[in-house]
Every structure is written in structure tokens, then in C-alpha cells.
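Hi,

Here is the structure I promised to pass on to you. Have a look at it first, and then read my notes below.

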Amino acid sequence: MECIAALHHNKSKTNYHIHLIFSERKLLDEPVEKIATRNMFYDENGKHVRTKKEILDEAGQLRKGCKIIPKGEVYERTLFTIKDSRFKSDRFLDEVKRSYTDLINIYVKDDKQKLRVFDRNGVYLPTKKIGKNNPKAE
């Protein structure tokens, strides 16, 4: 699984935290391609239509935004697997948070500056940052 971690802090360096970005899908070794067995027609919205007449204007010309994929061409390419539901589980997220926290703490010399995973059952409440000019700030 592809994963990127970024360590952040505020100006006074009192709020160290990690941003984790990971993919719920794996990149396939080879893309799965679907080949058109006949000409395929798509309207302005990219919706597949059955006949060429449906994408022509009154003058018999192809309407702007419509397209034709000729027989034998690739009309769909799948590069990734389906989403893995395991990555949405709280158990997985907790495990990854702890793993990356431990990894980063290897490089932190001062014990007072070591990172900790937020304890949801603790006495402290989580804080939520509301950015500038946020319409939902109220």
C-alpha cells in the first residue's frame, strides 16, 4: 500500500502531529483494458449511447463534446484494485497511528518532545482547527 506521512507543528512547536495519507487501492502490475468490439458513442456528458444518430446535430455533424471510440480501441482502463475495506476500520487506523508515532519517536531525543497517540478515553477533548474564512466557522 502506498503511504506518505508528514510531521507538522504550530509556530510555537506545542502541537506536533502527523498527517497520514494512504491509498485504499493497490496499483495493478498490468492495467486491465477493455477493447471495443464495435464503434462506441458517448454524448457530451460522457454517457454511453447506443447509436451514432444520438450524438449528431441537425446537419449530421458530431456535436461538440461527443466522441466516438472506434472498434478495436481501448475504451476503459483499470489501473487499481477495488478499495480494501480493512483500511476504513478503526483498528487499522489505530495500529497505523501507533506504528508511525513509534517510528518518528526513534529520532526524537528529548522524552518531553516525543509524540503520543491521542487517547480517546482520556480526560482531554480533541481540538478541531477551523481555518480562516471558513463559512462553517460559526
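A patch is built from residues with over 30% relative accessible area and no salt bridge, where like charges are joined within 9 Å and nonpolar side chains (Val, Leu, Ile, Met, Phe, Trp, Tyr) within 5 Å. A salt bridge is a side-chain nitrogen of Lys or Arg within 4 Å of a carboxyl oxygen of Asp or Glu. Areas are computed by the Shrake-Rupley method with a 1.4 Å probe, and for residues only the protein chains shown count as cover.

This is a predicted model: local features need pLDDT of at least 70, side-chain atom pairs count only at pLDDT 80 or more, and totals for chains, interfaces and linings use all residues. Residues are numbered from 1 along each chain as its sequence is written, and side-chain values use heavy atoms, leaving out hydrogens and water.

Now the findings. Leu27, Leu79 and Phe80 make up a nonpolar surface patch, with about 290 Å² of accessible area together. Leu27 has a relative accessible area of 59% and is exposed (over 50%; buried is under 20%, partly exposed in between, with a 1.4 Å probe and protein chains only).

Ile82 is exposed too, at 71% relative accessibility. Leaving out residues up to four places away in sequence, Ile82 touches Glu24 and Arg25 (contact means heavy atoms within 4.5 Å). The C-alpha atoms of Ile82 and Glu24 are 8.1 Å apart, although 58 residues separate them along the chain.

Finally, a polar atom of the Asp43 side chain lies 2.9 Å from the backbone nitrogen of Lys47.

Enjoy exploring!

Conventions. A polar contact is a pair of N or O atoms within 3.5 Å; within protein, one must be able to donate a hydrogen and the other to accept it, and residues adjacent in sequence count only if both atoms are side-chain atoms.
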